Amino acid sequence: EYEPEEREPLHVEEQITLVEYCLTRPEDWVSTVFLLELQGGMMASEIASIKPNDINLEGDYPHLVLRKGKTKSRPRVIPVVLGLNVIKGNIETAIERLRKVKVPSATPTKRIKKLFDNKYTCHCLRHTMSINGSAHGVSNLHMQTIGGWSDGKVNKTMLNYGKAGLANQANSLRAIYQASLQLNQHLMHLETAHA
């Protein structure tokens, strides 16, 4: 009798609107939250849990490592291909602001609802990421690794395999970074327009 609430993904034009919003407000910590939710399927509570040592935004493959998530499959590596400078400038503030409140998603959700006339919540960005992966032919393995979906047995194992783990392996990072570029290919022109 009770069906799960349907989370409608953002259409391409709306994703462009959202990314433009973020890139034109680089000083706003909520821009960082939106960019991470869109490209990593992250939740505000997950962003709040990121540790300083797991922020790796320099080098050839900027990324974040999420070691703990809502479910066992949620630990993952999130490549940052969109809004790197926005995220670099605000990641610490975003984490701090999200940690200080009882409901971390409250402010970002209020903002996205205002931006899209009450049509979306932040959780819709996780579903948007999934649709983008399907639309652009991103492999299930890469989608599991970036988004932390339930059949992704690979995540915890890959994060902790051996002494280094996925988060420290250049070849693995390159592969998921390339997958993230593929996943977000319809938005990458916005990055160069604001460079």
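Is Asn118 buried or exposed? Asn118 is exposed, with a relative accessible area of 58%; here exposed means over 50% relative accessible area, buried under 20% and partly exposed in between, using a 1.4 Å probe and protein chains only. The views below come from a predicted model, in which local features need pLDDT of at least 70, side-chain atom pairs count only at pLDDT 80 or more, and totals for chains, interfaces and linings use all residues. Residues are numbered from 1 along each chain as its sequence is written, and side-chain values use heavy atoms, with hydrogens and water left out.

**Figure 1. The whole protein.** Let us start with the overall layout. The protein has 10 helices and 3 strands, arranged along the sequence as α-α-α-β-β-β-α-α-α-α-α-α-α. Helices (H or I, at least four residues) and strands (E, at least two) are DSSP runs, numbered from the N terminus. Of the 195 residues, 49% are buried. Among contacts (heavy atoms within 4.5 Å) with a separation of 6 or more, 68% join residues 24 or more positions apart.

**Figure 2. The loop between α5 and α6.** Asn118 sits in the loop between α5 and α6, and Asp117 lies in this loop too. Asn118 has a positive phi of about 65° although it is not a glycine. For Asp117, also a residue other than glycine, phi is positive and near 50°. Asp117 is exposed, with a relative accessible area of 71%.

**Figure 3. Helix α2 from end to end.** After α2 comes Gly41, with a positive phi near 60°. As for cover, 12 of the 12 residues of α2 are buried, including Trp29, Glu37 and Gln39.

**Figure 4. The nonpolar cores.** A nonpolar core is a set of buried Ala, Val, Leu, Ile, Met, Phe, Trp, Tyr and Cys residues joined through side-chain atoms within 4.5 Å. The largest one has 42 residues, and Val19, Phe34 and Leu36 touch the most other members. Elements giving two or more residues to this core include α1, α2, β2 and α10. A second, separate core of 10 residues includes Val65, Val77, Val138 and Leu183. Beyond its neighbours within four places in sequence, Leu36 contacts Gly41, Met42, Ile47, Leu64, Val80, Ile87 and Ile91.

**Figure 5. Gln15 in helix α1.** Gln15 belongs to α1 and is buried, with a relative accessible area of 2%. The Gln15 side chain reaches the backbone oxygen of Leu10 at 3.0 Å. Not counting residues up to four places away in sequence, Gln15 touches Leu10, Leu38, Thr128, Asn132, His186 and Leu187.

**Figure 6. Strands β2 and β3.** Strand β2 (residues 63-66) pairs with β3 in the antiparallel sense over 4 bridges; two strands pair if DSSP finds at least two bridges between them. Leu66 has Arg76 as its bridge partner in β3. Both faces of β3 are covered, with Arg76 and Ile78 buried on one side and Val77 and Pro79 buried on the other.

Note on methods
Polar contact = N/O pair within 3.5 Å; in protein donor to acceptor, adjacent residues only side chain to side chain.
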